[in-house]
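Student: Could we go through this one together? I'm new to it and would like to know where to begin.
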Amino acid sequence: MKPSRRDLLAAPLLAVPALSACDRFASAAPAQGPEALPLKDILPCPFGATGMTWQLDQADWIAQTLKHCSQLTPEWEQKMERTLGPGFTYDFEPSDRVVGFARDNGLRVHGHTVIWYSQGAEVFDDATLPRDRFAAEYDRYISTFVGRYKGQMAGWDVVNEPVAEDGEGLRDCHWSRALGMDGYMVRAFEQAKAADPDAVLFLNEYNLENIPKKGATFLKLVERLLKLGAPIGGIGTQSHLDIEIPAGQITTFMRDAASLGLPIHVSELDFPMQREGRMPDLRSVADKRAQQVARVGELAEAFMALPERQRYAFTTWGLRDIDSWLVREGKSSDSPLLLDAEGRANPAYQAVVAAVG
Ligand code: G3I
């Protein structure tokens, strides 16, 4: 029988360490943390992480994923850089493998991502393709891909990152030039809905908490697309957190997002202490760690405060620190996720548990 959340929270292992500058935070990577009890048993919503084909034969990744996760997002295999070849050829085999692993192990699958400004331009070349061919292949790709997993997916990121970097308007891209700025998004959601009526269809974006203007532009876009008839079923906030943002900014965005009444997916959470392009930070590790834990705790509290029907899932982008794209790409070495390499609790894990309590 699954331990109750109250039992779990009472467990001594989950005592939230004092956030004073104690020894525990004295190194960039925290001292080995306590055992991390299963997140899927602690959170009042699905807990997700990412998976890629090359992780599917790693015993330690499988064990940790099945221990903590109730949902999986393919990190790479469902993007056009992997699925779409020259002449509009498709290769969905890697995606099939990740979806199959999740299905065989009782995990929900969240599809990521169908239409993204950063992918597909080599084949969907708006400069050379006749508009009718472009539109026909657009519809065919979405209906074929989403339809392939009909009934198997909890949801899809149908359109990813449509808002301009600074939040001033929307991104110009091959999709918008060929099908119209709102048009490509409405069309993508309509095609996805027709292909899988039961999947929750998300508009997904990053920096919504970090840049208030971008968050506001995104929410206005969601409202406008809904009025245009786009069957948007959920809001995805990637939550690649900038831990330096002022306290309260995350809470404000989550409150504003919740006012649309749609399910919300914290879809790609990570929280490096050192962000790319920033001047070296001269504060103590303990101070940075306390900042990181405070922001993660604020996000978890804001999300857990949502009505249950609006808590779609709480997903980290990678399960353990070593699974993070930030670590893989050398962008971070300071525990950007909830679990360390051995699957033990990082300080941020305790903040999430405390937020649930
Ligand atoms: O695994 C192949 C390898 O076999 C091949 O030799 C190599 C050749 O380039 O590519 C490897 O695949 C890489 C893949 O990550 C797996 O590691 C791709 O090149 C690389 O482009 C891909 O990067 C992913 C990136 O999105 C672009 O798709 C990252 O893993 C992934 O973490 C990142 O995730 C994005 C979200 O989708 C959207 N939000 C931001 C987030 C972080 O950038």
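This is a predicted model: local features need pLDDT of at least 70, side-chain atom pairs count only at pLDDT 80 or more; totals for chains, interfaces and linings use all residues.

Student: Which residue of strand 10 stands opposite Leu 269?

Tutor: The residue opposite Leu 269 is Thr 316 in strand 10.

Student: And what do the strands make as a set, going 1-2-5-6-7-8-9-10?

Tutor: Taken in that order, the eight strands form a closed barrel with parallel pairing, and from one strand to the next the twist averages 25°.

Student: Which helix packs on the sheet by touching strand 5?

Tutor: That is helix 6, residues 131–148, which touches both strand 5 and strand 6 (155–160), and its direction makes about 170° with that of strand 5. Helix 11, residues 285–304, lies across strand 9 and strand 10, and runs at about 160° to strand 10.

Student: Switching to the ligand, which residues come nearest?

Tutor: There are 16 residues around the ligand, and those that come nearest are Glu 75, Lys 79, Glu 81, His 112 and Glu 268. By class, the shell has six charged, five polar and five nonpolar residues.

Student: How far is an oxygen atom of the ligand from an N or O atom in the side chain of Glu 75?

Tutor: For Glu 75 that distance is 2.5 Å, while a side-chain N or O atom of His 112 is 2.7 Å from a ligand oxygen, and for the side chain of Trp 317 the corresponding figure is 3.0 Å. On its own the ligand has 790 Å² of accessible area, of which the protein covers 60%.

Student: Which strand and which helix each supply at least two residues of that shell?

Tutor: They are strand 5, residues 108–116, and helix 12, residues 325–328.

Student: Back to His 112, then: is the peptide bond to Thr 113 cis or trans?

Tutor: The bond from His 112 to Thr 113 is cis, with omega near -5°, and Thr 113 lies in strand 5, one of the elements that supply residues of the ligand shell.

Student: One last topic: where is Phe 88, and what is its phi?

Tutor: Phe 88 is in the loop between strand 3 (84–85) and strand 4 (89–90), and although Phe 88 is not a glycine, it has a positive phi of about 60°.

Terms used:
Residues are numbered from 1 along each chain as its sequence is written. Side-chain values use heavy atoms; hydrogens and water are left out. A residue is near a molecule or strand if one of its heavy atoms lies within 4 Å of it. A polar contact is a pair of N or O atoms within 3.5 Å; within protein, one must be able to donate a hydrogen and the other to accept it, and residues adjacent in sequence count only if both atoms are side-chain atoms. Accessible areas come from the Shrake-Rupley method with a 1.4 Å probe; for residues, only the protein chains shown count as cover. Helices (H or I, at least four residues) and strands (E, at least two) are DSSP runs, numbered from the N terminus. Ala, Val, Leu, Ile, Met, Phe, Trp, Tyr, Cys and Pro count as nonpolar, Asp, Glu, Lys and Arg as charged, and the others, Gly among them, as polar. Two strands pair if DSSP finds at least two bridges between them. Axes are lines fitted to C-alpha atoms, for helices over the stretch in contact, and angles run from 0 to 180 degrees between N-to-C directions. Contact means heavy atoms within 4.5 Å.
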